[in-house]
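The following paragraphs lead the reader through one protein chain, from its overall make-up to particular residues.

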Amino acid sequence: MTGYGVGPSPVHTAQLRPGDRLLLFTDGVTDARPATGELFGERRRADIVVRV
């Protein structure tokens, strides 16, 4: 598999332990807008990460 047509995508590994958290997101998350038109944004994403 290639990433953005530039060559192979990197493979990352991690050793997780009980209580560890892993956060995966795409640029589309912070660019999302509900019907009201308000941008989701970096600040709201960070707030959710801190609260969870």
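Helices (H or I, at least four residues) and strands (E, at least two) are DSSP runs, numbered from the N terminus. On this basis the chain has two helices and zero strands. The model is predicted: local features need pLDDT of at least 70 and side-chain atom pairs count only at pLDDT 80 or more, whereas totals for chains, interfaces and linings use all residues. Residues are numbered from 1 along each chain as its sequence is written, and side-chain values use heavy atoms, with hydrogens and water left out.

Of the 52 residues in the chain, 10% are buried (under 20% relative accessible area, with exposed over 50% and partly exposed in between; 1.4 Å probe, protein chains only). The accessible surface of the chain is about 5,100 Å², and carbon and sulfur atoms account for 58% of this area (Shrake-Rupley method with a 1.4 Å probe; for residues, only the protein chains shown count as cover).

The segment before helix H1 (27-31) contains Phe 25. Because its relative accessibility is 40%, Phe 25 counts as partly exposed. Its C-alpha atom is separated by 9.6 Å from that of Arg 45, 20 residues apart along the chain.

Leu 22 also has its place in the segment before H1. Leu 22 is exposed because its relative accessible area is 60%.
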